[in-house]
Amino acid sequence: SSGSIGYFATTNDEVSAVKENIKSILLTNWGERPMHYYMGANLREFLFEQIDIEELRSKIEDRITSQLATWLPFVIMDKIVILMSEDGESIPENTIRILLEFRIASRPDISARLDFFVTP
């Protein structure tokens, strides 16, 4: 959206800002950020992998966990669910759906959810 403060919508609370930061980290591929080559989860590399589905889920979860621990250490991950086209017809082929439940260390009483897709 555009407005008097710029072209992007802003967040109004801490949880919304953290959701956007998580999404930004997880949808960023390696090499996209100058001076921070390995910033981001580089999840697109997993879209066309021909390996066991459970091994793939494990690799994706490890990548998410390590990147969030590196770049957003104040985020406490409670649950990570990784779904692919094999899990249901609602997910297109070569797409990964990620559902996260998390808390912020400074606000452990507030739990939040984030649901998004990684597509080619």
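I am working on a predicted model, where local features need pLDDT of at least 70, side-chain atom pairs count only at pLDDT 80 or more, and totals for chains, interfaces and linings use all residues. Residues are numbered from 1 along each chain as its sequence is written, and side-chain values use heavy atoms, without hydrogens and water.

I checked the strands next (DSSP runs of E, at least two residues, numbered from the N terminus; helices are H or I, at least four). β2 (residues 96-104) and β3 run antiparallel, joined by 9 bridges. Pairing needs at least two DSSP bridges between two strands.

I then traced the sheet. It is open, with 3 strands in the order β1-β2-β3 and antiparallel pairing. β1 (75-84) and β3 (107-118) are the edges; each has a single partner strand, so one side of each lacks a neighbour in the sheet.

Angles run from 0 to 180 degrees between N-to-C directions, with axes fitted to C-alpha atoms, for helices over the stretch in contact. Helix α1 (residues 14-27) packs on the sheet and touches β1, β2 and β3. Its direction makes about 40° with that of β3. Helix α2 (residues 53-71) also packs there, touching β1 and β2, at about 150° to the direction of β1.

Note on methods
Contact means heavy atoms within 4.5 Å.
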